[in-house]
Structure formats: C-alpha cells, structure tokens
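Subject: Structure handover, cavities and pocket

Hello,

Here is the structure you are getting from me.

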Amino acid sequence: MAATGAFPSSYQNPNLPFPKPLSSSSSSAAFVIIKAPTTKTKKHSTNSIRCEITSTNNWTVEPDPPVHFFNNKSPDHLPVPMASESAVNKAKKVCLFYCAETKELAQKVAAESDGIELRSITWRKFADGFPNIFIPNAHAIRGQHVAFLASFNSPSVIFEQLSVIYALPKLFIASFTLVLPFFPTGTSERMEDEGDVATAFTLARALSNIPISMGGPTSLVIYDIHALQERFYFGDNILPCFESGIPLLKTRLQQLPDSDNITIAFPDDGAWKRFHKQLQHFPTIVCAKVREGDQRIVRIKEGDPKGRHVVIVDDLVQSGGTLIECQKVLAAHGAAKISAYVTHGIFPNRSWERFGSDKGAGNPEQGLTYFWITDSCPTTVRDVMHNPPFEVLSLAGSIATTLQM
C-alpha cells in the first residue's frame, strides 16, 4: 500500500537547515528543493540536495501492483535443448565434389554427415586427349560452401583436377576447401645437389594460386605430409590444414586383444620426429640405417622388442624395403608379433605383394600380423582389399569433421 501523511524525520538530512513551509493552507502537495552550501576539503568537494513535501492534503491511497517472483532454476516441464541437437541444427552445409578416383571415399564422407551433399562432375576428354570437363547446375552452388576431394595419384590426372580446382572458387561460392589426403611430391622437398628440382615446392606454389572465393583463401587439407616444414612452401592465398591418420591407428590398437602389450617402432629418426608425440604413451623402439661397406642395414637404436607386439609406424611406403628390413631385425630380437601402419600406401608396381601374413600364428619371421593403411591412395585400396595382412582405416569420418569446421 502507498504511504500517506508527512515524511518522517529520517527522510531529512540533519545537516541541512529545515525550511519554513510555503503555506499551511495549500490544497496540493508542494515541493521545495534546497541546495546546500558546497563544502570543500583538500581532497574533494560535495554538493547536497534535499527534496521536501510541505503539504500532504488531497493525497490518495492506491494499491501496490502485484509482485511476481521468478525462480532461477529451469522448471522441470520446460524442455532443455540438448547440445547434440543444437550441433545438428547448426551443422555446416557443404557441397562435396570429387574425381573418379575418390568417388568411393566421397560417398563414405557424405554418409558421415547429413550436412554434406555430393555433387558430380562430368569428366570427358577431347580427341586429342586434353580434358573436356563440365560442372552440372553450376548456378545452384552460388553462396554455398564447396569442397573438392582430390587424388593426385599420378601426374596424368593432376592437370584435369587442377582445372576444376581453379574453376570452382569463381562460381560465387561462400568458401572453398580442397581435400588432398596425400601430397604426392612431399618426399621431394629438398635439394641435395645443384640442379635438383624440389617438386614439392612446385606443387605447393601451384596450389597457392587457387583463386580466392567470396569467403577468402582456400582451405587445404592434407594428411601426414612428409615434412612439416613444407607448410612454408605455400603462399598466403591458401590455408594449409595438416591432419593425421594416427588417431585411427590408436583406436584400432585399443580394439586388439593384446592392446596392453603394444610397442611402437619407428624405422628411422624422421618417423620418430613426426609421430612420437602422438604415440608417447606407448613404449617405443627407434631404428636407424647404418652403413656397412656398400650396404645400408637397419639396426635397433633404442628400445627392446622382446615378447612385445611391435607396430612399425611411418607416414608412407613405396617399395617397402625399409619396412621389411625393420621387420627382420625386430623379429631377430624376440618380437612376439609384428604389424605395420602407414598413412599412405603407395606401393608402385604392386610392391604390396612383398608383405605376407603370419596367418595369426605369431610367427614374425614369416609375415606381419596386420598391415594398416588409410584410403588416402584409392588405387592401392582397391588392390589390397581383402588381402591379409592388409586392413584399411578410412579417413571418411575425419574428413567429414574437418569439412564442417
């Protein structure tokens, strides 16, 4: 209820002189505002203002408005959105294009997320062998986030894919991401003699000149590039994002019945530098190549394989000579089982046939228990599928996650 009558003396500043009322017979409330004298000190000055009511005639009493109380806690009957639902609703929509070699991988990537839509390209050739390429319904991708899943598995396909890679950002798209799981010239990153051509630099510069889309520079996704310093080969018009297949390996190792008996072996110091931080919770073995006469022989530099299931880890394999020599020395030092992992199984000239299986017998001299590769090189995947000891760990889930960053 509203108060009536004169204000109590507590509302008056006792330090201020109380004024005389204007009139005792006034029919309405009158207000007098008095400014007190300014007091100054060495540090500060203050002003005081007093407001007084000199008459209380004709006051009316009105009821107070209702007061509502709110609880800070959410009521049980109000639905609270789940974080997963919010993430799905805000999932980034991506149009994913692909080449002939990466079609199967692209389908797996699209299956990982409703936010990824596959778009096809018509790949044809003119009579002289040069590419005749068409992007259907190009107007429909305007304002969309676009990605292209490439595979430079041979020099013959690089030019036609570069033609598409250069064309897509010009179609008024919101952003462009190039997924190149395997950077094929990564091992040619340095010059050892005058006249050597570092083709890793050449390819990096070609990718650095991809036109800028409406969203800015192109994002480039590469898995386990051979040398991390190659990031400096790329120019400012592209944003390299270096991912790794090692999380896939770690997940697979946890599924093994002898997961508590795993030791990681690196075939050389380069592999150790690339991967030891991601695998530091495992016991490790480091091998090294030493020269004996005209031969280079693999020796164990540190670590003990005796009685362990040893997994040799490297970024790529070509002929497989180093891995085979590493397998031999580990078996000679008492390894119970030997497996191998590489992110990029290149295997030119069907060199994968050099690797046999121990057929689960735990005989490391005869072959490998497992040989894990990813699907970064689609041609190899088709060759080794269903051929023990090979198992393919797909990059599809990792690529889908990266595309929706």
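For residue classes, Ala, Val, Leu, Ile, Met, Phe, Trp, Tyr, Cys and Pro count as nonpolar, Asp, Glu, Lys and Arg as charged, and the others, Gly among them, as polar. The model is predicted: local features need pLDDT of at least 70, side-chain atom pairs count only at pLDDT 80 or more, and totals for chains, interfaces and linings use all residues. Residues are numbered from 1 along each chain as its sequence is written, and side-chain values use heavy atoms, without hydrogens and water.

A cavity is a set of points, on a 1 Å grid over the protein atoms alone, where a 1.4 Å probe fits but cannot get out; a pocket is an open set with protein on both sides within 12 Å along at least five of seven lines; lining residues have an atom within 4 Å of a point. Grid points are joined across faces, edges and corners, and a volume is the space filled by probe spheres set on them.

There are four cavities of 30 Å³ or more.

The largest pocket holds about 680 Å³. Of its 23 lining residues, His 226, Asp 268, Arg 274, Asp 314 and Asp 315 are the closest to its centre. The lining comprises five nonpolar, nine polar and nine charged residues.

Regards
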